Amino acid sequence: MTTKTDELEPCPCCGGEAAFNTTRTTCRETIKLNKRDTGYGVNCVVCGINNRGLVLGYESKALAAEAWNRRAALREQDREDAEITAYALPGGISVERSMQRDGTYLWAVRDSYEHCLSRSGQWDYEPFPSARTDEWIGQHRFSSAAFAIDHARRIEGEGE
Ligand SMILES: [Zn+2]
């Protein structure tokens with residue numbers, strides 16, 4: 001096995017350096033269950049996350065690396081999505097990222113008249129941020145862009 005540390009993507013949580021770890025067990029139950037006494041994992045040397053799992057880890061370093069790098073690639077996709085602040089849909093509708101009071105993001109669907117689409121499919125007037133109640137936000141904000149786009153398409157599709 002010649003998988004080297006430099007073939008590992010940085011940590012998906014903190015961007016830190018990743019390293020292989022090897023676990024060898026003397027527990028007969030574990031050996032019997034896994035049909036081997038050695039397992040491999042990848043961990044972050046900075047924040048300590050580890051993909052070894054609870055018992056023994058992967059059968060080979062290559063498998064451990066593949067799992068680690070797959071996770072890192074997903075994280076990269078999340079980052080790209082996070083850079084997008086709005087999606088333009090046909091009919092002047094836009095799905096816009098909206099920062100909440102706690103610093104997290106939700107998504108709003110707006111038309112060109114500055115109305116805001118609710119979960120029940122109504123285009124409502126949007127009050128100023130300070131006047132928005134939790135109930136209003138619950139009705140007019142979506143947890144992901146994909147969910148908001150899907151909802152907008154469904155509502156618009158029904159109107160045609
Ligand atoms: Zn880390």
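Guide: The protein is divided into domain 1 (5-83) and domain 2 (86-159), with bounds taken from an automatic or database domain assignment. The C-alpha centres of domain 1 and domain 2 lie 39 Å apart. This is a predicted model, in which local features need pLDDT of at least 70 and side-chain atom pairs count only at pLDDT 80 or more, while totals for chains, interfaces and linings use all residues. Residues are numbered from 1 along each chain as its sequence is written.

The largest nonpolar core has 11 residues in all: Leu-8, Cys-11, Ala-18, Phe-20, Tyr-40, Val-42, Cys-44, Tyr-58, Ala-64, Ala-65 and Trp-68. Such a core is a set of buried Ala, Val, Leu, Ile, Met, Phe, Trp, Tyr and Cys residues joined through C-beta atoms within 7 Å. A residue is buried if 20 or more other C-beta atoms lie within 10 Å of its own, exposed if 12 or fewer, and partly exposed in between, with C-beta atoms placed from the backbone. At least two residues of this core come from each of S1, S2 and helix H2 (61-83); helices (H or I, at least four residues) and strands (E, at least two) are DSSP runs, numbered from the N terminus.

Leaving aside residues up to four places away in sequence, Cys-44 touches Cys-11, Cys-13, Cys-14, Gly-16, Ala-18 and Ile-49, where contact requires C-beta atoms, placed from the backbone, to lie within 7 Å. A second, separate core of nine residues includes Ile-93, Trp-107, Val-109 and Phe-142.

Thr-26 occupies the loop between strand S1 (18-24) and H1, and Thr-26 counts as exposed because 7 other C-beta atoms lie within 10 Å. Thr-26 is 12 residues from Thr-38 in sequence, and their C-alpha atoms are 9.4 Å apart in space. The loop between helix H1 (28-34) and strand S2 (38-44) holds Lys-35. Although not a glycine, Lys-35 has a positive phi of about 60°. Lys-35 is likewise exposed, because 7 other C-beta atoms are found within 10 Å.

A further positive phi, near 65°, belongs to Glu-114, a residue other than glycine. Glu-114 sits in the loop between strand S5 (105-110) and strand S6 (115-117). Glu-114 counts as exposed because it has 9 C-beta neighbours inside 10 Å.

Notes: Contact = placed C-beta atoms within 7 Å.
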